[in-house]
Amino acid sequence: MPLPPVNLDELPAEFKQAVEAIRKVVPERLSKPTWGIICGSGLSGLASTLEDKVEVPYTEIPGFSQSTVQGHQSSLAFGFLSQPSESDPNEIIKVAVVACLGRFHTYEGHSAQSCVFPTRVMRCLGAEAVIVTNAAGGLNDNFEVGTIVALHDHLSLPSLTSMNPLIGHNLSALGPRFPPLSNAYDVDLRIRLFKAAQKIGLPSSAMQQGTYAYVLGPTYESRAEARFLKNVGADCVGMSTVPEVIAATHSGMKVLAISLITNKVVLSPYFDTRAFLEKEGEHTSSSNQAQKKDDKEAANHEEVLEVGRMRAEDMRKLVQTVVCQTRL
C-alpha cells in the first residue's frame, strides 16, 4: 500500500517551508519523487545520469545545513531514472527520484536531527523508499576493497548510549514514538539488489551482505576499537547511514542500504616492543620498518574517494536497476 501523505501542518514549520521552497523551483512532474537516494563519499556520481535533472542548493532550502566534507556536494538533485522494462523492452520505465548530493555528519558539528532532516523532507515530498549509500572500512576478512555490501543490520554505539535522531519530542505526523529497527532493512530490496548485480554482470565475489557498525568519527578506528567491533559482529564500519536509516524507518519508508568497502580496517598485530629490545643488536632497522608498515596500513580519505570513483559506475547501475525494476 502507498504511504499516506504527511500532514505538514502537524510538523515544525521548517518542514513545510522546505517543501514549499523546493516546489517553487522544481517542476511538478519531479516534485513528488517516489524514491530518495543519499549519496556517500565519492558516490555523488549516482545522480549524474538523472534525466531532466534540477538541482536545488541546500542554501535555498530552509532547515538544511551545509556539507563540509571533501567528496560531498551540497544540493538536492531531482530527476528521472529510466530503463527498459524487463517484460517489454519497448517500454521505458521512468521513475522520479530525489538524491542528496552531500550528507551531514555529526562529526561536522551537526545535530542528529539536522543530519536526518533531508531524509524526513524526502518523506514529506512523497518518497516511499530510500537508498542510502556509504563508503565503509572492511572488518570482515572476506570483504576486499571494492566489495559492495547490502546491509542487513547495523550496530550503533551512539544510539545505544547517548545519541539518536529520534530523541526529543516525537514527530507523530511522521511515525510512532517507539519504532522497531529489527526489520529496518527491507528484504525484498536486498534481493532485488543482488538480482541487479547479476543483471549488470558483477561477479558474485563483488557482492556481499553484512552488518554495519556506526561510529561518530571523524577519527578512523584504533586497532582495539576495530577488534571490538569485529568481535561483536560488525562486518564493516563507517560514520554515517544509521541516523538516516532510523529516520526513514520511523517515517515508514522502505530502506536499502549499500556500503562500498573503500579500505581494510587495520587489524594487524601490534609491534612487539619486548621482542625488539631482546634482539635490538640483530635487527636495528626493525622499528623503522614497523613504523612504515603502520603508516602504510592507516586509512585516509583520499583512498576512500579514489575507490568511490572506481566503483561509481557499478553503483549507479545497481541503483538505477533496483529503482526502475521495483514496484513499491
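**View 1. The charged end of Lys94 sits over the ring of Phe80.** The distance to the ring centre is 4.8 Å. Such a contact requires NZ of Lys or CZ of Arg within 6 Å of the ring centre and within 35 degrees of the ring normal. This is a predicted model: local features need pLDDT of at least 70, side-chain atom pairs count only at pLDDT 80 or more, and totals for chains, interfaces and linings use all residues. Residues are numbered from 1 along each chain as its sequence is written, and side-chain values use heavy atoms, with hydrogens and water left out.

**View 2. Lys94 also forms a salt bridge with Glu51.** The closest N and O atoms are 3.8 Å apart. A salt bridge here is a side-chain nitrogen of Lys or Arg within 4 Å of a carboxyl oxygen of Asp or Glu. The structure holds 8 of them. Lys94 lies in strand S4 (residues 92-101) and Glu51 in strand S2, so the pair ties together parts that are 43 residues apart in sequence. Helices (H or I, at least four residues) and strands (E, at least two) are DSSP runs, numbered from the N terminus. Lys94 is partly exposed, at 45% relative accessible area. Glu51 is partly exposed too, at 31%. Buried means under 20% relative accessible area, exposed means over 50%, and partly exposed lies in between (1.4 Å probe, protein chains only).

**View 3. Asp52 has a positive phi without being a glycine.** The angle is about 55 degrees. Asp52 belongs to strand S2 (residues 51-57). Its relative accessible area is 40%, so Asp52 is partly exposed.

**View 4. Lys199 and Glu86 meet in a salt bridge through their side chains.** The N to O distance is 3.7 Å. The pair links distant parts of the chain, 113 residues apart. Lys199 is in helix H4 (residues 187-199), while Glu86 is in the loop between strand S3 (75-84) and S4. Lys199 counts as partly exposed at 45% relative accessibility. Glu86 is exposed, at 56%. Leu318 is found in helix H9 (residues 301-325) and is buried, with a relative accessible area of 0%.

**View 5. Arg103 and Glu244 form a salt bridge.** Their closest N and O atoms are 2.8 Å apart. This pair links distant parts of the chain, 141 residues apart: Arg103 is in the loop between S4 and H2, and Glu244 is in helix H6. Arg103 is buried at 3% relative accessibility. Glu244 is buried at 3% as well.

**View 6. Phe15, Tyr58, Phe64, Phe104 and Phe117 form one aromatic cluster.** Rings of Phe, Tyr and Trp (its six-membered ring) pair if their centres lie within 6.5 Å; planes under 30 degrees apart count as stacked, over 60 as edge-to-face and the rest as tilted. The whole structure has 5 aromatic pairs. One of them joins Phe15 and Phe117, a tilted pair at 4.9 Å centre to centre with 50 degrees between the planes. Phe15 lies in helix H1 (residues 13-25) and Phe117 in helix H2 (residues 112-125), so the pair ties together parts that are 102 residues apart in sequence. Phe15 is buried, at 3% relative accessible area. Phe117 is buried, at 6%. The rings of Tyr58 and Phe64 also make a tilted pair, because their centres are 5.0 Å apart and their planes stand at 45 degrees. Tyr58 counts as buried at 0% relative accessibility. Phe64 is buried at 11%.

**View 7. Thr241 has a positive phi of about 75 degrees, although it is not a glycine.** Thr241 lies in the loop between strand S8 (236-238) and helix H6 (242-250). At 0% relative accessibility, Thr241 is buried.

**View 8. A cis peptide bond runs from Gly217 to Pro218.** Its omega is near 5 degrees. Pro218 is placed in the loop between strand S7 (207-214) and helix H5 (223-231).

**View 9. Leu157, Leu160, Phe228 and Val232 make a nonpolar surface patch.** The patch covers about 370 Å². Patches are made of residues with over 30% relative accessible area and no salt bridge; like charges are joined within 9 Å, nonpolar side chains (Val, Leu, Ile, Met, Phe, Trp, Tyr) within 5 Å. Accessible areas come from the Shrake-Rupley method with a 1.4 Å probe; for residues, only the protein chains shown count as cover. Leu157 lies in helix H3 (residues 157-161). It is partly exposed, at 31% relative accessible area.
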